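Could you take me around this model in my viewer, stop by stop? I would like to know what to select next and what I will find there.

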Amino acid sequence: MQRWPVLLFLAWVCFLFFAGIGLFMSGFLLTRIELASSSSCSDPLVPPPWERQNLPPGSCWAPQRFSKAVLVIIDALSFEFAHFNPAKASPLPYENKLSFLHYLTTSQPHHARLYRFRADPPTATMQRIKGLTTTGSLPTFIDVGSNFATYAIQEDNLLAQLVQNGRRVVFMGDDTWEGLFPKKFFRSYFFPSFNVKDLHTVDNGILQHLYPAVDSGEWDVLIAHFLGVDHCGHKHGPDHPEMAKKLTQMNEMLRALVDHLGNDTLLLVAGDHGMTETGDHGGDSEKEVNAALFVYSRRPLFATGPPEEPEAIPQVNLVPTVALLLGVPIPYSNIGEVMAELFSGDSDTVSAALQQLSVYHINAKQVNRFLHSYSLVARALPAEQLQRLQQLFSGAVEEHTQLLAQVQGATLVPPELESRLGSLISRFQLYLREARAVCTQSWARFHPLRMVGGCTLIAASCLLCYMASELATLSDSFYRSCLLYPLLWGSGVAVLLGLAHAFTQEGLDLLLMLSCAAAASQLGFFWHWWGRHPKRARLAGSQPPLASVGLRQRLRARVAPFLLASLVMLLVGKLHWDGRLTMPEGPKQQLLGFSSYRREIWYLLCLVAMLLVCVRLSGFFHQCREEIPQCRPSLFLSPLASLRNTRAKNLFYLLCVALLAGLVYAVRSWLRHYGNLNSSDPLVLFVRWGFPLVVLCIACYWAVASSAEDSLGKLQELVQVAVVAFPWAVYGLASVGLLLLLCNPMTVFAKDTRESSGSIVTPYLGVPSSEVDFLHVIPQIYKRMQESQNCFVERGSCRATVAAYGLGSVYSAALVIALTLLGFLLMLLHSERLSLAFLLLFLEAFLLLHIHTRARGLAGDAEPFSVPWYAVISWLLAASQFFYSTGHQPIFPAIHWNAAFVGFHLDHSTNLLPAVLVGANTFASHILFAVGCPLLLLWPFVCEMPSSQRRKPKKEPREELQEVEKHMMEMRLRESPEKFSTALLQLGLKYFFVLGTQLLACVCAAMVLRRHLMVWKVFAPKFLFESLGFVVSSICLLLGISLVMRVDCAVSTWFSKLQLR
């Protein structure tokens, strides 16, 4: 078998796809340019002085209204949580719990106010921190990837301005701030934030330090970031008693905090984002972007009372407002609009309007300066819109200057003055809001050339996979010509680009260089085959895959099952059309063998019916998207701990454990049926005893995890230890099993009773040195095995030989064992009741394999070494189907973050391990189906039945036995090692072609609809999930094929040892 050429060719194809994905992503997910400039007190942004305004010493740009400020961030504080509705007699757990905010608003209307705080998507915590309290700018979509691997903010921000101007900033809470603002805090108390199951560690840690820190007075700005509400939403959802407890705790915290505040302190209580009905966030649904902001001071803040309906303000407006209230410059890149009403105080109407105009003037000058600087660097802002904004700005500033001169000259009477002031305020507001809208549109800019290049690379890679899969059997020099020449072309282009960069001394764009090398290698492939085999390159006689592959660009949770069921029914219809499901007419002696043929037909139809039932049942495990308001998420997605009915919890627990044990029983029965459990090798012993032990550990983990909150006292400590210990036991046992499988994947028991005479004749001396030498050994060994079987049947005396058990299914057995171990790990990372979905997954895969085998037998397929296209497409459709049927959706709020803490009680020290755990949870179906893909080639050999010969007259018993013995199951693959290698290569290329077609559809949709309203809500997340799924599937496919080759190497070693005996 040609092992390394096959793996290298498939790895090269993966590289081509990866280069296309990277190139497209670099043009599609661009971040905005961050300016290095920063604001300072000496900037000429102060408006012309007027007689009623004098800047006190130490103030920058505007008079300092407060010397201290306390910012309390309650993560995921939705407006629904903060709003109080007295008319509700029976409020939900998250309603009417923050009653103290309502008390302050009603009792002190000029001192307190509640706002709707509109977040800009994406609503992930790090992006909200950037826009909410620091830079005053908008985060971009690509920043979501940095949410759990934060980087220090280099752009000018509010904290940097406070520190530069000598203010002492104290922080306590979410440790995300530590990565964003290193060495910026006068004093800090960081607590681990990633463990969403922990509701109290961060909050209790803050409460321990909050009141002593406030009373000490050694601070100018104090920030407290509470996480309990957000974590409670992730764990239980908002409609849960725990949410009521957590919000009540926040209410009491605010009540006590107000008592510790001085008259010169401003209190801000803000939510960084909202929360969906399931407690998630990350997207841009109304519930996710609708947060709350509460402002309070012992001094009067507002000239008028609150409006009937709370005002909605963007979150970026907070940064310029806080900066001017504290007397520090507004950050350079801010595009927010100052909340001017906070500068009115208890002044009269004219004085309040003049103060508001002053801060609007400063705010407009700062935004205008930023737009001018950004347009010079990025040149991405439309010139026409910039010109219009400049006209609005110049007109407003000029009118403000004239108005101040008229006020100083007392030439305006109050009614006319009030009208002019109101009109001018509206003009400044219009300028600031239109400037923000222009930036919002422009920062969704793309690099069209890179996007087209990435899309072309992916499309060419798909074409290459299709051509190579059809041409693999047409040339003896396929591995040399199809791999060597493209690699030489690609390496040459990479070297030339590297030398060019070295001579020009320009910055090396590694991604662009790799993409050019990939494109060159593709051109080398097409040029070589078009030049040497023009007719073959055109593939005139090849049959294309089914057209249903192209439909997968619209793949969604309901479409994948429909396409899978349709494809299977199409297969049955084709068999019927070809006359394979009808009984041919003939003499009675020919009809004697048709009873078994009739059984095969009914067996196929029963398999199809069972598959359709599995497809239908898988629909009970789907997660919902916010675009479907009438949808309700599956009850099976929530963990057992969320069930309040003890009896229902126990019944579900027993059912899950029973299904887990049933899976182990089915796998062991299958291995025993084919003789793969007869030896005493370590791997076989592990399957016998290790599998039940893994099931026991998972069952114990489910038991303690579902009752962890009900235990008390010392039992609680034991439960916390068990919640960590049992998953680690599963990790350890599964790792041991996989290592044993890698070291010795043979599950064959050989009974050697040969005599010394009659040695095997070989054309060489000594030990076989190549695969060709084994071709002379294997047929003779099997001939001896057949002779031994014949002697046993005839009950005669003959020379003893070798009896091997499990040799005919040795490849499939290794894959089944690997898939079972991976299934254990992946079920551990999901909630308990999703084990039902995994059982359906394994059952559906088993049915697909048998349908594929029976359909090929009935169709009389003469080429057993080629997997048909419909089998590969149905396999991948099932993988996509179970992505949704394991509770996932291609959106960020649907990610199961809890998987990162299965086996971990505290926070992680690195982001790599939680990323692996969450990725394995998300792409569980991709992993299982990709690793198990070689079974599509192996299964027909395992289930080898001479179905095509059952149309012939019935033979004598001995002749029938000889016919059966000719079918050596998977050992037929070793009779033709070149065909075996080619078959694996073809299967891998077909798998990549179908995966690549799906990826290409998502890439094209994202590129064509990049200006669509829903691009960041639908198309961009779908592209990211599809790309990650492709990467995971391709790597796992290589691992599955590598495992088959490792088994083949072990079989060769086994045969060599057998010959030497």
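Start at the second largest cavity of this predicted model, where the lining divides by class into six nonpolar, three polar and two charged residues. Select Phe-883, His-926, Gln-998, Lys-1022 and Glu-1026: of the eleven lining residues, these lie nearest the centre of the second largest cavity. Now colour α29 (869–885) and α36 (1015–1060), each of which supplies at least two residues of that lining. The space you are looking into has a volume of about 90 Å³.

Next, move to the largest cavity, which holds about 120 Å³ of space. To see where they come from, highlight β1 (68–74), α5 (158–164), β5 (221–226) and α11 (318–325); each gives at least two residues to the lining of the largest cavity. If you want to keep exploring, the structure holds six cavities of 30 Å³ or more.

For the last stop, select helix α19, residues 559–577. Then show side chains along α19 and pick out its buried residues, including Leu-563, Leu-564, Leu-567, Val-568, Leu-571 and Leu-575. Finally, step just past α19 to Gly-579, where phi is positive, at about 80°.

Technical notes:
Residues are numbered from 1 along each chain as its sequence is written. This is a predicted model: local features need pLDDT of at least 70, side-chain atom pairs count only at pLDDT 80 or more; totals for chains, interfaces and linings use all residues. Side-chain values use heavy atoms; hydrogens and water are left out. On a 1 Å grid over the protein atoms alone, a cavity is a set of points where a 1.4 Å probe fits but cannot get out, and a pocket is an open set with protein on both sides within 12 Å along at least five of seven lines; lining residues have an atom within 4 Å of a point. Grid points are joined across faces, edges and corners, and a volume is the space filled by probe spheres set on the points. Helices (H or I, at least four residues) and strands (E, at least two) are DSSP runs, numbered from the N terminus. Ala, Val, Leu, Ile, Met, Phe, Trp, Tyr, Cys and Pro count as nonpolar, Asp, Glu, Lys and Arg as charged, and the others, Gly among them, as polar. The expected span of a helix is 1.5 Å times one less than its number of residues. Buried means under 20% relative accessible area, exposed over 50%, partly exposed in between (1.4 Å probe, protein chains only).
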